[in-house]
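Q: Before naming any feature, how about asking what each name rests on? Let us take the terms one by one.

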Amino acid sequence: MREPRLTLITRPGCHLCDEAKLALDRVVAVTGDRWTEKDVTDDIELEREYGDRLPVVLLDGKEHGYWRVEEERLLRDLTTPQL
């Protein structure tokens, strides 16, 4: 099984992170993809990079957005063939 294309960078107690998890669940229910979560409290480098913009969505390892999940855009980007 291949690695999830989506990663959600979060921290405990973050209400926007909780909303982002629900949004990602809706997206992957349509696409069949999977997502993984990384907690900035477990990784000082992630905290330095993303700590003031959580949650952050990474698609294929690249930042796709932060604070809110743009579900339509994410769906489009997941389902558009890559050149």
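Q: What makes the 4 strands an open sheet, and in what order do they run?
A: The order is β2-β1-β3-β4, and the pairing is mixed. Strands are DSSP runs of E with at least two residues, and helices are runs of H or I with at least four, numbered from the N terminus. Two strands pair if DSSP finds at least two bridges between them. The edge strands β2 (35–39) and β4 (62–66) each pair on one side only. This is a predicted model, in which local features need pLDDT of at least 70, side-chain atom pairs count only at pLDDT 80 or more, and totals for chains, interfaces and linings use all residues. Residues are numbered from 1 along each chain as its sequence is written, and side-chain values use heavy atoms, with hydrogens and water left out.

Q: How do you know that β1 and β3 pair?
A: Pairing needs at least two bridges. Strand β1 (residues 6–10) is joined to strand β3 (residues 56–59) by 4 bridges, therefore they pair. They run antiparallel. L8 stands opposite V57 in β3.

Q: Which strands does α1 touch as it packs on the sheet?
A: α1 touches β1 and β2. Contact means heavy atoms within 4.5 Å. The direction of α1 makes about 170° with that of β1; angles run from 0 to 180 degrees between N-to-C directions, and axes are lines fitted to C-alpha atoms, for helices over the stretch in contact.

Q: Why is T10 called buried?
A: Buried means under 20% relative accessible area, exposed over 50%, partly exposed in between (1.4 Å probe, protein chains only). T10 has 2% relative accessibility, so T10 counts as buried. T10 lies in strand β1. Leaving aside neighbours within four places in sequence, its contacts include C17, K21 and L54.

Q: Why is the link of C14 and C17 called a disulfide?
A: A disulfide is a pair of cysteine sulfur atoms within 2.5 Å. The sulfur atoms of C14 and C17 are 2.4 Å apart, so the pair qualifies. A search of the whole structure finds 1 disulfide. The link of C14 and C17 is right-handed, with 80° about the S-S bond.

Q: Are C14 and C17 buried or exposed?
A: C14 has a relative accessible area of 13%, so C14 is buried. C17 has 1% relative accessibility, so C17 is buried too.

Q: What values describe the packing of α1 and α3?
A: Two packed helices are described by the angle between their axes and the distance between the axes. For helix α1 (residues 15–31) and helix α3 (residues 71–79), the angle is about 35° and the axes are 10 Å apart.
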